[in-house]
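This briefing covers selected features of one chain, grouped by topic. Please read it alongside the sequence and the coordinates.

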Amino acid sequence: MSSCLFIGTHSAVLDEKSRMVMPAGFRKDNSPEILDGDFYFTPHENGFIIVRPSVVWEKYQQTIMSSEDLSGSQKRQFIRLLCNNSVKAKLDTQYRIVLNQTLRRFLPFENDEPRQKMLVVGSGEELELWPADRYRGETDSTQELSRFINGFDGR
């Protein structure tokens, strides 16, 4: 099973046909097996889209199904909601991500321009697609990050 890695924040443009190029840094850090496989796009309530490669998607579903904190009916409901609101797609031959209209409507752009500035944010094994004007870095404060890292001993 291939692992994947998405680190860094990259600028991108969502074009008139709702296509966006996968950043070169992400392509460089991941195997052809990951890049040629399926990707699963799931809207998040905070106005961005989580993108999981197939290997991560499968692991995520297994984690849900093996959770002891959820009953059988809760697991089924969680999986149903996840699958009903997600879209499976592949990168095209030019490494573009295509967001269909269902996904695009979950991104709260400030204007109706056909081309939109985006940020593609690495989040370890998955990545996030944000309208550029909406991303605030959440907890990207250098000082806060330094305090966390210095206080974390890995146990």
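This is a predicted model: local features need pLDDT of at least 70, side-chain atom pairs count only at pLDDT 80 or more; totals for chains, interfaces and linings use all residues.

Is Arg96 buried or exposed? Arg96 is buried, because its relative accessible area is 18% and the cut-off for buried is under 20%.

**Surroundings of Arg96**

- Arg96 belongs to strand E6, which covers residues 96-98.
- The side chain of Arg96 has a polar contact with the side chain of Asp92 at 2.7 Å.
- A polar contact at 3.3 Å links the side chain of Arg96 to the side chain of Gln94.
- Leaving aside residues up to four places away in sequence, Arg96 touches Arg19, Met20, Val21, Met22, Lys90 and Leu91.
- One of these residues, Lys90, is also the bridge partner of Asp38 in E5.

**The sheet**

- An open sheet is formed by 6 strands, with antiparallel pairing and the order E1-E7-E8-E4-E3-E5.
- E1 (9-14) and E5 are the edge strands; each has a single partner strand, so one side of each lacks a neighbour in the sheet.
- On average, neighbouring strands of this sheet are turned by 30 degrees against each other, with direction ignored.

**Strand E3 and its partners**

- E3 and strand E5 (residues 87-90) run antiparallel and are joined by 4 bridges.
- Two pairs between these strands can be named: Phe39 has Ala89 of E5 as its bridge partner, and Asp38 has Lys90 of E5.
- E3 is also joined by 6 bridges to strand E4 (residues 48-53), and these two strands run antiparallel as well.
- His44 is paired by a bridge with Phe48 of E4.
- E3 and E4 form a hairpin with 3 residues between the strands, where Gly47 takes a positive phi near 85 degrees.

**Helices H3 and H4**

- H3 covers residues 54-66 and H4 covers residues 72-84; their axes come within 9 Å and cross at roughly 155 degrees.
- Because angles over 145 degrees count as roughly antiparallel, H3 and H4 are roughly antiparallel to each other.
- The crossing in which H3 passes H4 is right-handed.
- On the H3 side, the contact is made by Trp57, Tyr60, Gln61, Ile64, Met65 and Ser66.
- On the H4 side, the residues in contact are Lys75, Phe78, Ile79, Leu82 and Cys83.
- H3 also lies across E3, E4 and strand E8 (126-131), and H3 runs at about 100 degrees to E4.

**Leu5**

- Where does Leu5 lie? Leu5 is in the segment before E1.
- Leu5 counts as partly exposed, because its relative accessibility is 36% and this class lies between the cut-offs of 20% and 50%.
- Which residues does Leu5 touch, not counting those up to four places away in sequence? Leu5 touches Asp29, Asn30 and Gly124.
- Leu5 and Glu126 are 121 residues apart along the chain, and their C-alpha atoms are separated by 7.4 Å.

Definitions and conventions
Residues are numbered from 1 along each chain as its sequence is written. Side-chain values use heavy atoms; hydrogens and water are left out. Buried means under 20% relative accessible area, exposed over 50%, partly exposed in between (1.4 Å probe, protein chains only). A polar contact is a pair of N or O atoms within 3.5 Å; within protein, one must be able to donate a hydrogen and the other to accept it, and residues adjacent in sequence count only if both atoms are side-chain atoms. Contact means heavy atoms within 4.5 Å. Two strands pair if DSSP finds at least two bridges between them. Axes are lines fitted to C-alpha atoms, for helices over the stretch in contact, and angles run from 0 to 180 degrees between N-to-C directions. Angles under 35 degrees count as roughly parallel, over 145 as roughly antiparallel, 65 to 115 as roughly perpendicular and the rest as oblique. A crossing is left-handed if the near helix is turned anticlockwise from the far one by less than a right angle, and right-handed if clockwise.
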